[in-house]
Amino acid sequence: MVYNFAAGPSVLPKEVLLKAQDELLDYAGSGMSVMELTHRGSEFSSILSKAEATLRELMSIPDHYKVLFLQGGASTQFTMIPLNLAVGKKAYYIESGSFGKKAYTEAVKLSKVIDFEPISLGSTEKTKFDRLVKAVGKKENPHDECAYEINEIDPDAAYVHITLNNTIEGTAIYDLPDAHGVPLVGDMSSDILAVDYDVSKFALIYAGAQKNIGPAGVTVVIIREDFLPKKEILSSMLDYRVLSENDSLYNTPPTFGIYMAGLVFDWVKAQGGVKALEAKNRKKAALLYDFIDQSEFYQSPVKNKAERSICNVPFTTGDQSFDQAFIAFADEKGFKNIKGHRSVGGMRASIYNAFPYEGVLELVELMKTFEKEHT
Ligand code: PMP
């Protein structure tokens, strides 16, 4: 038995893998694999429209939002978002994690060649992104880089970019920030379908598939129609308007990835939907955090409990050699990929939707055994 704690690509529901296996050589009596189907044919067309319809249902996506299945990973969105939405405007970024920082850094690069002004509202990098940047009515401390003043936000700005779940550092936003009426753009890569967010609060949401949606290679973009660029001026593959007018079929889409995503969406629905999965995820995460908090051996780098991610749980012994020994011990017992991201070290248990409760129970037992052997 193997438990896969990888942060992405990560564990997929077994039922989904079995279904894909069953249909691998002959999809719905077509005599062909999904991988062999033309993307312009009726079989793939129904795979695509069903995947979209199920995602719309699961996330209660309003009709005036477009759903796109793209390529290039969430990282390509770091550039596409300002390119499509921010020309001639300001755009704000909240840097509460490595990926939020990357989004801002890419925006700054782009602003050297395109007329727009990316502005960071704050960064918690100094404390290794162990907390979220906060909004305050007035900065209590003018040197506090971790807080921004809501009233300082220009209401004419294009958007405020946030990362909902910081995959590496294990923090997450559950209460959306006050953005002074400026549209929110959200990177939901690591908690889409795992946390029940209100889509209507965002102008754009994007997510790489490889955590809660399916295999790597698909990027989901959900965009409010009035946010689509008005003129076709961009390279077509980077233009939300073109991609949306062609219903994600401007070029050859990642067909097998979209098929797998559709199977995962069906699975999410069969589990009772996003709310039900969020409740399960909260239970799994609480089990692990409660154990860590009562232990004198393990610790969580995220001290503010309200900001803790329910998808990625980083922890450490506080001693690098113990951490290394734990990772090796866990690996040998079948607890795979529990090593923390190379930028922060320690351990990280990624326990997305498809990760079973029993796996967390067994991890806690493993942690107890290791603790006994090393104290
Ligand atoms: N944003 C977040 C929150 C992520 O976790 C990741 C990937 N781990 C990315 C962006 C980058 O995604 P991709 O590798 O699909 O470009």
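Colleague: Domain bounds here come from an automatic or database domain assignment. How many Å separate the centres of domain 1 and domain 2?

Modeller: The model is a predicted one. The assignment gives domain 1 as residues 15-270 and domain 2 as residues 272-373. Taken over C-alpha atoms, the distance between their centres is 26 Å.

Colleague: Which elements give two or more residues to the side of domain 1 that touches domain 2?

Modeller: The contact involves 25 residues of domain 1 and 23 residues of domain 2. By class, the domain 1 side comprises nine nonpolar, eight polar and eight charged residues. The elements contributing two or more residues to that side are helix H2 (42-59), strand S8 (165-166), strand S9 (171-172) and helix H6.

Colleague: In strand S15, which residue is the bridge partner of Asn-312?

Modeller: In a regular strand, side chains alternate between the two faces of the sheet. In S15 (residues 347-350), Met-347 and Ala-349 are buried on one side, and Arg-348 and Ser-350 are buried on the other. Strand S13 (residues 312-315) runs antiparallel to S15 and is joined to it by four bridges. The partner of Asn-312 in S15 is Ser-350.

Methods:
Residues are numbered from 1 along each chain as its sequence is written. This is a predicted model: local features need pLDDT of at least 70, side-chain atom pairs count only at pLDDT 80 or more; totals for chains, interfaces and linings use all residues. A residue is buried if 20 or more other C-beta atoms lie within 10 Å of its own, exposed if 12 or fewer, and partly exposed in between; C-beta atoms are placed from the backbone. Two strands pair if DSSP finds at least two bridges between them. Two residues are in contact if their C-beta atoms, placed from the backbone, lie within 7 Å. Ala, Val, Leu, Ile, Met, Phe, Trp, Tyr, Cys and Pro count as nonpolar, Asp, Glu, Lys and Arg as charged, and the others, Gly among them, as polar.
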